[in-house]
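Work through the exercises below with the sequence and the model open. Each task is followed by a solution in steps.

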Amino acid sequence: MKLYMFEAGILKSQKHFFTLNQGVGQAFDVPVPFFLIDHPKGKVLFDTGNAYETIHDKEKHWGGIVAAYDPVMSEDQWCVNAIKKIGCSPDEIKYVILSHLHLDHAGGVGHFPNARYVVQRDELHFAYVPDPYMKAAYIRKDFDKDVDWLILEGWAQDGFDLFGDGSIVIYFTPGHTPGHQSILVNLPNSGPMFFSADSCYTQANLDDGILPGLMWSAGETVKSVNRMRHLEQTRGAKIVTGHDPESWKSVKKAPEYYD
Ligand SMILES: [Zn+2]
């Protein structure tokens, strides 16, 4: 099994959106990560980054939210093109696990013709009818597609073991959004790695308990971060946060990989 890390460009943003009331108005450029796991039973993506349309016409595709999160992505960084560079064709992808359906995670939905798209029911519902403060972060045309959804039922299916061998386990991590999920990948040599996505944006959210600047529920956010801390302490899991520019510098990027 191999795990590859990709960057679907960056968001030019401001620090206080990631750390509540800290670095107000300070420029903060964050990576937009996504991941490919090459498992003997099939290839799996965790998230897909921004939509292709953001490369050439971001204002039209994303609307006014570009003032807060301005996407900068090249043709080669778009998920479909990026995986081709490691010899993976989009039709080889068996599952696309979506942490949530925000615009910088669900942009690739519909581009993997043989994939099942793994999403939480609570996320799919909220994405269609979001609370007004979060409406701009969901681009309905990105996910409103007739794909093969594999819908998970929150706590009832927490710990969903994708291949039944403990290698890719899906954790329900609500807080950032009502139906956020994260994955634990158990690699033979590198050990367990936990991919938080937006349930924990940065190292400051993890280590110092600083709340993120955007969330659906503060209480659920804290519980999800505590859960990943427990995995870090008891299982030795390496936590890969969702949008930390500093931590992201220290991880291996595709074509390098973890095994
Ligand atoms: Zn998000």
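**Exercise 1.** Which residues are the protein donors of the zinc ion?

Solution. The model is a predicted one. Its zinc ion has as protein donors H100 through NE2, H102 through ND1, H176 through NE2 and D198 through OD, at 2.1 to 2.2 Å. Along the chain these donors follow the spacing H-x1-H-x73-H-x21-D. H100 and H176 are both buried.

**Exercise 2.** Classify the arrangement of the 4 donor atoms around the zinc ion from the angles they subtend.

Solution. The angles run from 90 to 172°. A tetrahedral site needs all angles between 85 and 135 degrees. The arrangement is therefore irregular, given angles of 90 to 172°.

**Exercise 3.** Which residues of helix α1 (residues 53-62) are buried, and what covers them?

Solution. The buried residues in α1 are T54, I55, H61 and W62. Because their arc around the axis is only 60°, they lie on the same side of α1. H56 and K60, on the other side, are exposed. The cover over the buried residues includes β1 (2-14), β4 (70-72) and α4 (140-143). After α1 comes G63, with a positive phi near 75°.

**Exercise 4.** Is D38 buried, partly exposed or exposed?

Solution. D38 is placed in strand β2 (residues 27-39). Its relative accessibility is 26%, so D38 counts as partly exposed. Leaving out residues up to four places away in sequence, D38 touches M1, K2, Y4 and K43.

Conventions. Residues numbered from 1 in each chain as written. Predicted model: local features only at pLDDT ≥ 70, side-chain atom pairs only at ≥ 80, totals over all residues. Heavy atoms only, no water. Donors = N, O, S within 2.8 Å, 3.2 Å for Na, K, Ca; no water. Tetrahedral: all angles 85-135°; square planar, octahedral: opposite > 155°, others 65-115°. Buried < 20%, exposed > 50% of the residue type's maximum accessible area, 1.4 Å probe, protein only. Helix = DSSP H or I, 4+ residues; strand = E, 2+ residues; numbered from the N terminus. Contact = heavy atoms within 4.5 Å. Arc of directions from axis to C-beta.
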